[in-house]
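Hi,

Here is the structure I said I'd pass on. Have a look at it first, and my notes on what turned up follow below.

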Amino acid sequence: MINYFYIFSLFLLSIPFIKNAMHMFQQNRYEFYRYTKWLFSLKNLHFSITLVYVVLLIILSFIEFNYLTLIISILNIIFGLYLIYQDYHRAYIKPLVYTARVKRTLLVFLIIDLLLINLLYYHLPFTIDSIIVIYLPYLLIYLVALIMMPVERAVKNHYINEARSILDKMDDLKIIGITGSFGKTSVKNIVHDILDESFYTLMTPASYNTPMGITKTIREYLKPIHEVFVCEMGADHVGEITYLMNFVKPKYGVVTSIGPQHLNTFKNMDNIIHEKMQAIELLPEDGVGIINIDNEYINNYEIKNKCSIVKVALHNTEKADYIATDIIYHKRGSAFTIVHDGQKYQYQTSLLGEHNIMNILIAVALANKMGVPMEKTIRAVNNCRQIEHRLEIKEINGYTFIDNAFNSNPVSSKHSLDVLKMMEGDRIVVTPGLIDLGAQEYEYNKEFGRYMLGRTDMVMLIGPKQTEAIKEGLKEVNYDANKVLVFNTVKEAFSYIYQNVSRDATILLENDLPDAFSK
């Protein structure tokens with residue numbers, strides 16, 4: 001006789017683990033390589049308590065008594081509901097986003113899971129199948145993703161073709177493509193704020209820089225009234241910028257910077273440099289490319305395109321067309337001068353950091369080349385909004401925070417520390433370190449730790465194992481060990497701040513890793 005109650009208990013028990021596997025697969029960008037790396041790191045969000053339950057099931061498997069199946073069924077339901085309850089109340093850094101893709105995948109996931117549970121019921125003893133359904137979802141995601149691959153590809157192609165058709169009908173639309181290892185979202189926002197005073201401008205929202213994010217922007221937000229489309233282009237694999245350039249076909253291209261970001265997937269710096277520079281090399285001959293020649297990779301690259309190239313710099317000024325100089329930082333923002341064609345223009349902004357001055361310089365040069373007078377950009381820059389999680393000044397519970405939590409990198413992290421150094425009162429950095437830097441990740445984090453000396457009065461590290469390289473860097477420069485605190489979560493660090501730190505302190509939040517990277 002089929003024990004439907006027991007089968008139901010197995011299915012309910014599997015649900016929180018299916019959700020966890022789906023969540024981590026999404027955080028790892030639906031990529032098998034990234035997900036597998038996470039899987040072997042044993043950072044399952046339910047790992048410890050699940051291990052206790054598995055041990056209990058193993059013990060019960062050696063005991064013979066009546067109603068064992070009923071008891072295990074009840075235990076499965078209780079444990080499953082407990083995990084579902086815990087998951088519902090957990091404060092995730094980046095919760096699972098129930099996109100259409102996730103919903104389709106979860107539906108197939110649940111169907112296959114139920115079929116396999118029925119197979120387990122007929123072929124394995126009690127307790128063993130309960131243990132298997134706990135760990136099965138983390139492997140089953142591979143099969144489900146493979147099954148869904150042609151479906152997702154068909155959906156993607158349909159929407160992309162629809163977006164292409166919309167762009168083809170807007171002959172007068174000025175399209176700007178912005179890429180770089182870092183800074184592209186900030187530049188995009190600044191470009192939008194400056195151009196929006198002269199043109200009816202649309203930009204890709206948030207970090208919508210993938211083919212589907214750009215497609216969604218075009219399909220849902222781009223209207224015939226728009227005159228300018230500012231398109232952020234992201235890439236962590238060879239060929240992705242080339243694909244986006246052929247898709248969007250911008251006349252104006254910007255490369256903000258090039259560095260070792262996503263070295264894991266690009267494999268080497270040559271691949272990164274070549275891919276990012278496609279944003280310039282694939283422009284039409286009557287196009288305009290804006291490049292940051294302070295960046296040595298960009299400056300040393302031989303561009304194979306006859307389009308107009310505009311060079312901007314803060315330091316490598318001899319070759320630059322637009323220069324920013326006389327930079328001053330304060331708690332309300334920054335002041336600086338832009339020099340172009342022998343003329344000097346004074347600017348004020350609420351944005352902080354040398355890299356943000358570079359971002360503004362790029363945006364001003366682009367706007368000027370699109371016909372916006374320099375004098376008009378002065379007011380526009382002064383009105384530029386702070387960019388969320390990118391050296392954003394915040395007042396929280398009476399404390400001053402500099403929020404640079406979004407995807408920090410070796411360059412921006414140093415610029416953040418330079419800004420922190422200039423602040424009055426105690427200077428504190430809260431960070432889990434840098435990621436996605438390939439074989440050099442440990443050394444970059446160690447250098448990040450070394451660079452903190454003289455720029456911070458206290459270091460608060462998130463994740464004991466993850467921040468070992470930073471601790472080693474701090475130790476190498478003889479940073480006061482009593483001023484280095486390690487916490488398991490950001491929440492614990494904030495609790496310490498509110499109880500022990502003076503309100504005249506400035507607290508830098510450098511990077512904010514998703515749950516898949518927490519260790």
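Let's start with two helices, α5 (residues 100–123) and α6 (residues 128–168), which pack at an angle of about 135° with their axes 8 Å apart. Axes here are lines fitted to C-alpha atoms, for helices over the stretch in contact, and angles run from 0 to 180 degrees between N-to-C directions. Helices (H or I, at least four residues) and strands (E, at least two) are DSSP runs, numbered from the N terminus. The α5/α6 pair is therefore oblique; angles under 35 degrees count as roughly parallel, over 145 as roughly antiparallel, 65 to 115 as roughly perpendicular, and the rest as oblique. Sorted by class, the contact of α5 with α6 has 18 nonpolar, one polar and five charged residues. (Ala, Val, Leu, Ile, Met, Phe, Trp, Tyr, Cys and Pro count as nonpolar, Asp, Glu, Lys and Arg as charged, and the others, Gly among them, as polar.)

Before you read on, keep in mind that this is a predicted model: local features need pLDDT of at least 70 and side-chain atom pairs count only at pLDDT 80 or more, while totals for chains, interfaces and linings use all residues. Residues are numbered from 1 along each chain as its sequence is written, and side-chain values use heavy atoms, with hydrogens and water left out.

Now the salt bridges, meaning a side-chain nitrogen of Lys or Arg within 4 Å of a carboxyl oxygen of Asp or Glu. The whole structure has 21 of them. One joins R104 to E152, with the closest N and O atoms 2.7 Å apart. That pair links distant parts of the chain, since R104 sits in α5 and E152 in α6, 48 residues apart. R104 is partly exposed at 26% relative accessible area, whereas E152 is buried at 12%. (Buried means under 20% relative accessible area, exposed over 50%, and partly exposed in between, with a 1.4 Å probe and protein chains only.)

Another bridge runs from K304 to E281, where the closest N and O atoms are 3.4 Å apart. K304 is in the loop between α13 (296–299) and β6 (308–313), and E281 is in helix α12 (residues 278–281), 23 residues away. K304 is exposed at 56% relative accessibility, but E281 is buried at 12%.

Then there is R455 with D418, at 3.0 Å between the closest N and O atoms. R455 belongs to the loop between α17 (441–451) and β13 (458–462), D418 to helix α16 (residues 410–421), and 37 residues separate them. Here R455 is buried, at 17%, and D418 is partly exposed, at 25%.

Salt bridges also form a network that links K414, E443, K446, E447, R450, E472 and E476.

Two more residues to look up. N404 lies in strand β11 (residues 399–404) and is buried, with a relative accessible area of 3%. Its C-alpha atom is 4.3 Å from that of R390, 14 residues away along the chain. Not counting residues up to four places away in sequence, N404 is in contact (heavy atoms within 4.5 Å) with several residues, including H389, S412 and L508.

H415 is in helix α16 and is buried too, at 14%. Leaving aside neighbours within four places in sequence, H415 touches E354 and H355.

Cheers
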